[in-house]
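These are notes for a first reading of the model below. Please keep the structure open while going through the points.

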Amino acid sequence: MEQIYVPRYKSTVQIETHFNSYKANLGCALNIPVTTSHIKSLMNYQGMDEEFASLEDSISLQQLAHIDDLNPMPFDPSESSTRRHSVTRVPKKALHLKTVSALIEVQGKYNESHRNRYVSYNKYKHINTSHENDEGEINLNVNDEVVLAVRFYEPFTYRPNANCDLKPKLSQSFLVLGSQTLAELRDRLHCDSKFAPLYDISENPDKPDESEASFDHGFFFIGDTFYNDTRQPTIDYSEVIRNWAKNHENIAELKTNSMEDTKFEELTVRLGYPYLYQHYGNCEHLFTISDIRLISATDSLVRERYPMLKIVSGTKSIICMICGVNEANVVVKDSSAHINDPSHLCTGCFKSYHYVDGKKVGSFKAYRYYGNVMTE
């Protein structure tokens, strides 16, 4: 497919081969201590714990601190930050002055403008995952495992030859180990399509959800290979694409493999190049591999925590169009009683507005709305 979507970045990386060569050049640097007991073992330390703690304090970088140093301001993207207010407070006796009242008015407008700018740009929630592990939990060695940053984008409808200036919107980002399979990452992915199909509940709004849990057929398309999920009897979505490609001379032969038998470190990838994840029929997600590196002491060294969710979309839930307070969980369509079509309503407003004594009033269709639900 790269003959059609020509990449800007030409170099590819065979992950396992590249990083095995890199680790060979590191040599003894691979054995980096990450726990106190490991440090003591390398030092062949036989003393008391109190003496070792005193030794650690004596070589701490805090020994270089000075009383006049400015306090560092740590940045944590998982925590929202707002503009700090001035420490200067206007005395009450000065509030009658026109210049002071004008300043307060301008500051109020500026603060509101700043808040709006912050909300518009802070669209993602960063997951603050603690990397402090008990020694008994650690089962990964520093620089002994490859970590990939994989970014998935929200599905969107593409129409050939149509003017479209929409940019892909990030949906979720993960850290995944090179020794993990594509299927392990797929099991952590979230998409609202899993709630489909949706049924009309207008005749009986209290009717239980009829959506049947079924196996989610799908594939990853990386390079020239479709990686299908074959853990259960599955529909090969890639078959029709491969048959179509055979009739186009500018498309090389496309291959297939199983995602549960393919590890990330076995892939040959191009950083930043868009690949495809497709499931539930025609639900397509672009995804990119934005970073590949060796695991470090600042990462979680517990294998069971990977694939690790790091970023999710900060999309807000839709509020009920009638009460304006509760979150919407019903979508009403084809109703003449609403200005908007479709209309998003909470359960209380939906029943009180569309039913009298439990009987449907008027003609409309209603579907459950699950909103932007994210599972971890």
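1. Two residues are in contact here when they have heavy atoms within 4.5 Å of each other. With that in hand, helix α7 can be described. What covers its buried residues includes β12 (330–333), β13, β14 (355–356), β15 (359–360) and β16 (365–368). Note that this is a predicted model.

2. The buried residues of α7 (residues 347–354) are C349, F350 and H354. Looking down the axis of α7, these residues fall within an arc of 100°, so they line one face of the helix.

3. Helix α6 (residues 238–245) can be read in the same way. Its buried residues are S238, R242 and A245. They fall within an arc of 60° when seen down the axis of α6, so they too line one face of the helix. The cover over the buried residues of α6 includes β5 (218–222), β6 (225–228) and β7 (255–258).

4. Strand β13 (residues 343–345), part of the cover over α7, contains H344. Is H344 buried or exposed? Its relative accessibility is 13%, and buried means under 20%, so H344 counts as buried. Apart from neighbours within four places in sequence, H344 is in contact with I318, I319, C320, M321, A328, V330, V331 and Y369.

5. The largest nonpolar core has 29 residues, and L148, F152 and F220 have the most contacts inside it. At least two residues of this core come from each of α1 (15–26), β3 (146–153), β4 (170–177), α5 (182–186), β5, β9 (275–279), β10 (283–294) and β11 (308–313). A second, separate core has eleven residues, among them V332, C346, F364 and A366.

6. Residues up to four places away in sequence aside, F152 touches L170, S171, Q172, F174, L185, L189, F220, Y277, L286 and F287.

7. The structure holds two cavities of 30 Å³ or more.

8. L177 is in strand β4. Its relative accessible area is 0%, so L177 is buried. L177 touches L140, E145, V146, V147, L148, F264, I295, R303 and Y306, leaving out residues up to four places away in sequence. L177 and I292 are 115 residues apart in sequence, but their C-alpha atoms are 9.7 Å apart in space.

9. Most residues other than glycine have a negative phi, and most peptide bonds are trans. The bond from Y306 to P307 is cis, with omega near -5°, and P307 is in the loop between β10 and β11. Another cis peptide bond joins D341 and P342, with omega about 5°. P342 lies in the loop between β12 and β13.

10. Two residues with positive phi remain to be noted. N143 is not a glycine, yet its phi is about 65°. N143 lies in the loop between β2 (124–126) and β3 and, at 13% relative accessibility, counts as buried. D357, also not a glycine, has a phi near 55°. D357 is in the loop between β14 and β15, and its relative accessibility of 77% makes D357 exposed.

Terms used:
Residues are numbered from 1 along each chain as its sequence is written. This is a predicted model: local features need pLDDT of at least 70, side-chain atom pairs count only at pLDDT 80 or more; totals for chains, interfaces and linings use all residues. Side-chain values use heavy atoms; hydrogens and water are left out. Buried means under 20% relative accessible area, exposed over 50%, partly exposed in between (1.4 Å probe, protein chains only). Helices (H or I, at least four residues) and strands (E, at least two) are DSSP runs, numbered from the N terminus. The arc is that of the directions from the helix axis to the C-beta atoms. A nonpolar core is a set of buried Ala, Val, Leu, Ile, Met, Phe, Trp, Tyr and Cys residues joined through side-chain atoms within 4.5 Å. On a 1 Å grid over the protein atoms alone, a cavity is a set of points where a 1.4 Å probe fits but cannot get out, and a pocket is an open set with protein on both sides within 12 Å along at least five of seven lines; lining residues have an atom within 4 Å of a point. Grid points are joined across faces, edges and corners, and a volume is the space filled by probe spheres set on the points.
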